[in-house]
Amino acid sequence: MPLYEYICKKCGKPFETIAKYDEKPACEHCGSVSVERQLSTFSAHSTSSELPSCAQGGCPGFSGGACGSGMCGGY
């Protein structure tokens, strides 16, 4: 099951929990079931040595990528 982010409509505090898509969990702070699922953002951490840089000879294995950010668009 995926991890979802919620905000409690009663106490206003955010929390995360593993839940089914149609499930409305209780707030872990006050116990209210009046919660709203929030949009989550994807987060990843990497170092520049893990991804090929455009300055290091382009985007190997990826054609049509844009190198405006300095990192290969296909990775």
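Figure 1. Along its sequence, the protein chain follows the pattern β-β-β. The chain has three strands and zero helices; strands are DSSP runs of E of at least two residues, and helices are runs of H or I of at least four residues, both numbered from the N terminus. The model is predicted: local features need pLDDT of at least 70 and side-chain atom pairs count only at pLDDT 80 or more, whereas totals for chains, interfaces and linings use all residues. Residues are numbered from 1 along each chain as its sequence is written, and side-chain values use heavy atoms, with hydrogens and water left out.

Figure 2. Strands pair if DSSP finds at least two bridges between them. β1 and β2 run antiparallel and are joined by five bridges; Tyr4 has Thr17 in β2 as its bridge partner. Five residues lie between the strands of this hairpin, where Gly12 takes a positive phi near 80 degrees. Strand β3 (residues 35–37) is also antiparallel to β1, with three bridges, and Val35 in β3 is the bridge partner of Cys8.

**Figure 3. The two faces of strand β1.** In a regular strand, side chains alternate between the two faces of the sheet. Across residues 3–8, Tyr4, Tyr6 and Cys8 form the covered face of β1, while Leu3, Glu5 and Ile7 form the uncovered face.

**Figure 4. Cysteines without disulfides.** A disulfide is a covalent bond between the sulfur atoms of two cysteines; the criterion applied is a pair of cysteine sulfur atoms within 2.5 Å. The whole structure contains zero disulfides by this search. The closest cysteine sulfur to that of Cys8 belongs to Cys30 and lies 3.6 Å away, too far for a bond. Cys27 likewise is in no disulfide, its nearest cysteine sulfur being that of Cys11 at 3.8 Å. Cys8 is buried, with a relative accessible area of 3%, and Cys27 is buried at 4%; buried means under 20% relative accessible area, exposed over 50%, and partly exposed in between (1.4 Å probe, protein chains only).

**Figure 5. A nonpolar surface patch.** Met1, Leu3 and Ile18 form this patch, with about 360 Å² of accessible area together. Areas come from the Shrake-Rupley method with a 1.4 Å probe; for residues, only the protein chains shown count as cover. Patch residues have over 30% relative accessible area and no salt bridge, and nonpolar side chains (Val, Leu, Ile, Met, Phe, Trp, Tyr) are joined within 5 Å, like charges within 9 Å. A salt bridge is a side-chain nitrogen of Lys or Arg within 4 Å of a carboxyl oxygen of Asp or Glu. Ile18 lies in strand β2 (residues 14–18) and is exposed, with a relative accessible area of 54%.
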